[in-house]
Amino acid sequence: MADIKIVLVEDDEILSKVIKEELEEADFKVYLATDGEKGLELAQEKKPDLVLLDLMLPKMHGFEVLENLKKSPETEDTPVIILTMLGSDDDIKKGLKLGASDYIVKSQHAVGEIIDEVKKFFANESHPEQNKIKEKK
Amino acid sequence: MKIKTKIILPIILVAVIVLSTATFYSYFFNVNTLNTSIGEHLNTTVSSRSHHIDTFIEELIGKIKIAATQENLTNEKLEKIKNSNREFSEVFLVNLDKKIIKSSRQESIGLDCSINDYLVNKKDNVYMRDAYISKINEEPSIAIAISHNKDILIIRINLEILNDVTTNKTGLGNTGEVYLINSAGYTITPLQFSEDTFLKTKIESKNAKSCLDTLKNETEHTEYRGGSAIYTNYKKIEVMGSYHPLSIMNWCILAEIDKSEALAPTKNLLKFSIIRILIILFIFFILTYLIARTISKPIIILSQGTKIIKNGNLDHKVGTNSKDEIGSLSRDFDEMTVAIKKSQIEIDKKVKEQTREIIEKQKDIENQQEAILNVLEDVENEKKKTEIERDKIDAILHSIGDGVFVVDKDKKITIFNNIAEQISGFNKEDVLGKNYLDILKFIHEKDRTPNNDFIEKAFSLGKIQMMKNHTLLIKKDKSEVPVADSSAPIKDSAGNIIGCIVVFRDATAERKAEQIKSDFVSIASHQLRTPLTGIQWVTERLLKHSTALPEKEQQYIKDINLSSKRLSTLVDSLLNVSRIEGGKITIKPEKIELIDFIKSYLTETNPLTEAKNISLKFNTHPENLEILTDRSGIRNIVQSLVSNAIEYTPENGNIEVSVEDNVEKDSFLFKIKDTGIGIPSKNQATIFDKFTRGENAQQVKTDGTGFGLYITKQTVDLLGGKIRFESIENEGTTFFVTLPKISKAKEGGKSFV
């Protein structure tokens with residue numbers, strides 16, 4: 001699976017490190033950005049298969065990154081999964097409306113579960129209708 | 001109309017009608033009779049005179065016949081014949097050559113004679129010539145002829161001899177006249193009013209025509225009754241007239257009398273009749289007047305007497321002596337006035353008695369009034385005292401730092417203190433005496449629906465009611481102010497609710513503080529979660545990669561992971577409480593297969609139950625139960641109750657979870673029964689309150705927050721359900737949660753964590 005590229009945009013050093021390590025262990029190619037601007041740049045540059053996007057980011061908010069990605073024809077097809085801290089309906093709704101494929105609430109999952117979600121996403125990628133709100137556990 | 005008039009008028013009217021009818025009938029009868037008698041008279045006149053003329057003509061015929069019997073008539077003989085008759089003017093013989101051959105008059109011999117003229121009338125071989133004027137002596141004449149041998153004997157007669165017959169006007173008055181006309185209608189006797197009329201005046205009156213028509217149509221007139229009529233005669237005057245034909249000569253005799261003269265007597269008759277009527281009427285009037293007076297006099301006396309009595313003189317006696325009905329009436333009337341006077345005296349007596357009684361009663365009333373006034377004075381004093389008390393209460397109420405208003409049982413505002421004025425913006429004058437519902441609008445902050453429940457319930461339940469959180473009051477200037485506090489019923493000594501006192505305060509500052517708190521909790525929990533998540537994930541990875549570590553160290557790592565998870569749960573709870581209390585919870589119903597949902601959760605708890613060797617059974621009647629509710633909410637409820645049951649049930653205990661479908665009420669019952677430590681009875685009433693835990697629970701689990709059941713209860717409420725429990729300390733607890741299968745959506749916040 002090393003040919004699957006994931007751009008991870010996460011400002012928290014420890015969380016990003018853990019997720020990155022776990023994803024790499026799961027054989028994904030991971031590019032890490034620690035603020036919104038870099039995240040957008042990386043996503044445009046690397047043309048990843050998935051962007052994992054935190055919302056509360058320095059320099060550029062996650063929604064802005066998402067909007068920019070969806071605006072450009074080059075990146076509009078790049079799937080984005082939002083990583084959020086709290087189960088905020090408004091944020092989730094807004095994210096999905098802006099074109100996110102899914103969302104994951106970080107604090108409600110063990111990191112292993114997040115990796116499972118990503119794997120599940122790629123397993124279902126051939127079925128775009130799966131892109132709907134995930135049940136929170 | 002007076003009685004007299006009423007009697008006189010009809011009688012006179014009837015008299016006038018009867019008399020007039022009778023008089024005019026007799027008048028017309030008389031006129032008719034007169035007409036008839038005049039007609040008869042005229043008939044008789046013409047008839048007798050025609051007879052006279054007939055006789056004269058007959059005699060002439062006789063005389064000529066005798067003369068014709070003489071042979072060899074000479075001139076002398078002819079003269080002798082002429083002289084023997086006074087009316088003969090000339091006697092002569094005419095031969096067939098129409099020449100006079102012999103005559104009583106020498107000069108006539110040899111003259112021509114128009115014999116044809118004689119062929120007009122004929123009787124007994126005697127021919128008669130109609131009236132004509134003799135050429136010889138120019139006198140009106142007739143002539144008669146008879147054959148004598150081969151000649152014709154003619155006698156000419158002076159017609160003036162008949163004038164005596166016609167000019168005799170006996171019985172014909174001044175205007176009456178009799179005259180003869182020949183067959184052509186010309187007069188042959190003199191007329192009274194015009195001279196020289198012989199054969200010159202043609203009469204064309206009605207009678208003349210009738211008479212001539214009769215002559216033409218009938219040949220024999222042995223008897224003719226004649227006829228009288230009224231018509232216009234030759235003088236163009238209306239006349240009454242009669243005629244009679246003289247058939248021998250084809251003449252007519254006419255008698256006429258002017259109508260004005262003929263009917264003169266009727267004029268007098270009319271005059272007399274009218275005078276007679278007037279005299280009779282006058283007498284009648286006098287008589288009826290006298291009768292009417294006789295009848296009306298006692299009535300007038302009665303009427304006058306009545307007027308006198310009416311004016312109050314009851315001693316007046318009408319008393320007429322007449323013996324008729326009116327007299328009897330007047331005497332009855334007098335008796336009546338006596339009776340009235342008697343009863344009036346009685347009434348006067350009664351009135352006096354009653355007046356005395358009324359005066360006595362009035363005195364009583366005055367006494368009572370005085371007593372009442374005394375009482376009133378006492379009351380006034382009491383009132384003053386009360387007012388002083390009231391002023392004190394008012395002073396206290398107005399000095400209270402919170403807004404206070406009091407409504408009476410009709411919901412009218414009776415007290416409104418200064419702070420209430422300040423908060424609401426209304427003045428006392430705006431609100432006092434008015435229904436509070438019309439002035440003070442309390443609304444829910446969220447949906448802006450009226451929120452008067454806390455006042456209405458104070459009335460209906462008679463207990464102190466707290467104002468709901470997040471209540472706004474609409475101020476006079478239509479701006480809104482958050483308010484808080486309570487209302488309490490006011491009861492009289494008998495316990496009846498007579499009003500309500502409402503205390504409220506401006507909660508703006510409180511709301512701000514609440515908002516700050518809520519924001520703080522939200523931010524804090526977010527900020528707390530990131531490092532907590534970091535700890536959890538790192539320890540997870542540590543456990544994953546450090547299988548070589550000794551068991552003791554591995555256990556430490558597990559402890560770190562568990563502690564961070566607990567902390568995470570605690571943060572979640574805080575956040576939930578903050579949202580619930582801030583009213584910022586979203587209820588988003590979605591389809592959930594409840595049985596699967598519970599089973600899946602219970603499976604997750606397997607490690608915990610196995611660790612304590614607890615038997616956990618799930619009994620469900622329905623195999624499937626689809627509900628429409630908020631997923632986070634139902635998860636919170638199930639999770640909280642199941643984890644509590646596991647937590648507080650000792651090792652080897654039993655837990656039974658069950659679901660019952662209530663189709664009728666469209667709800668379901670979630671029941672969880674454990675054999676745990678139970679809830680001590682003294683904690684049972686407050687177990688759903690925040691920060692409250694069973695005393696025994698604190699010994700089992702020291703780190704409980706006291707949020708669990710509070711959040712559960714709030715969640716059940718938000719989903720429209722009910723929660724209760726049965727518990728015996730040291731034996732166990734059963735929770736009963738009844739929830740609707742379909743929950744109402746609620747917007748405007750965030751879902752449960």
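**Close-up views of chain B**

**View 1. Contact between helices H16(B) and H19(B) in the predicted model.** From H16(B), the residues B:Gly633, B:Asn636, B:Ile637, B:Ser640, B:Leu641 and B:Asn644 meet B:Gly708, B:Ile711, B:Thr712, B:Thr715, B:Val716 and B:Leu718 of H19(B). By class, the residues of this contact comprise five nonpolar, seven polar and no charged. H16 spans residues 631–648 and H19 residues 708–718 of chain B. The two helices pack at an angle of about 145 degrees, and their axes are 9 Å apart. Their crossing is left-handed.

**View 2. The open six-stranded sheet of chain B.** The strands follow the order S2-S1-S6-S5-S4-S3, and their pairing is antiparallel. Strand S2 (100–103) and strand S3 (121–123) of chain B form the edges, each pairing on one side only. From one strand to the next, the twist averages 30 degrees.

**View 3. Pairing of strands S4(B) and S5(B).** S4 covers residues 126–133 and S5 residues 140–148 of chain B. Five bridges join the two strands in the antiparallel sense. B:Tyr127 stands opposite B:Ala145, which belongs to S5(B).

**View 4. Helix H1(B) packed on the sheet.** Helix H1 of chain B, residues 3–69, touches S3, S4, S5 and strand S6 (151–158) of chain B. The direction of H1(B) makes about 40 degrees with that of S5(B).

**View 5. Helix H2(B) across strands S1 and S2 of chain B.** H2 comprises residues 75–84 of chain B, and S1 comprises residues 88–94. H2(B) runs at about 150 degrees to S1(B).

Conventions
Residues numbered from 1 in each chain as written. Chains lettered and ligands numbered in written order. Predicted model: local features only at pLDDT ≥ 70, side-chain atom pairs only at ≥ 80, totals over all residues. Axes fitted to C-alpha atoms, helices over the stretch in contact; angles between N-to-C directions. Helix = DSSP H or I, 4+ residues; strand = E, 2+ residues; numbered from the N terminus. Left-handed = near helix turned anticlockwise from the far one by under 90°. Contact = placed C-beta atoms within 7 Å. Nonpolar A, V, L, I, M, F, W, Y, C, P; charged D, E, K, R; others polar. Pairing = 2+ DSSP bridges.
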